[in-house]
Amino acid sequence: CAGTDQVNVQVYENAAIFIEDYQICEGDTIPLMIETIASNLYWQLGLGLNDDDPFAPIAAPTESQTYTVIGVSEGCENDTAQVEVLVNQSPDVSIKKHYTFKENELVNIQASAEGDYTYAWFIDGEASCYDCLTPEIVPVDGAVHELYISSENGCDESHTITFEEILLCGQEAIVTPSAFTPNNDGNNDKFYIRGTLDVKLLRI
């Protein structure tokens with residue numbers, strides 16, 4: 001006698017994992033996007049990795065890290081992959097952010113930098129330069145200036161600079177003429193008091 005029968009053979013693919021390396025700036029976070037047919041992923045936890053969602057874990061390392069992930073599929077060979085997250089340094093710039101000034105006084109921005117960067121000032125007023133770190137500025141009371149700093153590695157930062165005018169007191173605050181000539185010749189006909197304070201009372 002002879003007979004035939006059929007059997008179904010289901011072929012499962014190995015748990016292949018495809019993932020690219022990443023670059024971020026200091027203080028940034030990034031989801032690690034994975035392409036895989038694996039049914040489950042298991043991460044060997046490293047510094048700054050949150051794997052609540054193993055298929056898109058969030059990396060926030062403070063320094064460059066290499067993470068390892070293992071993919072598991074139905075009864076087939078596991079796959080292992082590594083992803084490097086390179087942490088680029090943000091601009092290392094120290095700058096004074098608040099300045100006081102007197103009337104008609106120029107302000108020199110006080111700052112220092114470790115490294116080569118590109119600078120761009122957005123200023124409410126005039127400055128000696130707009131693409132340098134320490135310009136001399138003609139200040140405006142209450143003005144807010146913005147400094148944008150860019151580095152070659154793509155990491156940028158900005159700083160807000162504010163100005164406040166200091167009103168003078170005492171003899172510096174008021175200027176009075178020593179004489180005037182009220183003869184209607186158009187020169188010094190009126191007695192003016194000048195200064196940075198409001199005059200409430202005058203006695204002669």
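## Strand pairing in a predicted chain

Ile70 stands opposite Thr80 in β9. This is a predicted model, in which local features need pLDDT of at least 70, side-chain atom pairs count only at pLDDT 80 or more, and totals for chains, interfaces and linings use all residues. Residues are numbered from 1 along each chain as its sequence is written, and side-chain values use heavy atoms, with hydrogens and water left out.

The protein chain contains 0 helices and 20 strands; helices (H or I, at least four residues) and strands (E, at least two) are DSSP runs, numbered from the N terminus. Two strands pair if DSSP finds at least two bridges between them.

| Strand | Partner | Bridges |
|---|---|---|
| β5 (residues 40–44) | β8 (residues 65–72) | 5 bridges |
| β8 | β9 (residues 79–88) | 7 bridges |
| β15 | β16 (residues 136–138) | 2 bridges |

In the pairing of β5 with β8, Gln44 stands opposite Thr68 in β8. Elsewhere, an open sheet is formed by 3 strands in the order β12-β16-β15, with antiparallel pairing. Its edge strands, β12 (107–108) and β15 (126–127), each pair on one side only. Glu126 stands opposite Val138 in β16.

For the protein chain of 204 residues, 29% count as buried, meaning under 20% relative accessible area with a 1.4 Å probe, protein chains only. The accessible surface comes to about 14,100 Å², and 46% of this belongs to carbon and sulfur atoms; such areas come from the Shrake-Rupley method with a 1.4 Å probe. Among contacts (heavy atoms within 4.5 Å) between residues at least 6 apart in sequence, 49% join residues at least 24 apart.

Note on methods. Buried < 20%, exposed > 50% of the residue type's maximum accessible area, 1.4 Å probe, protein only.
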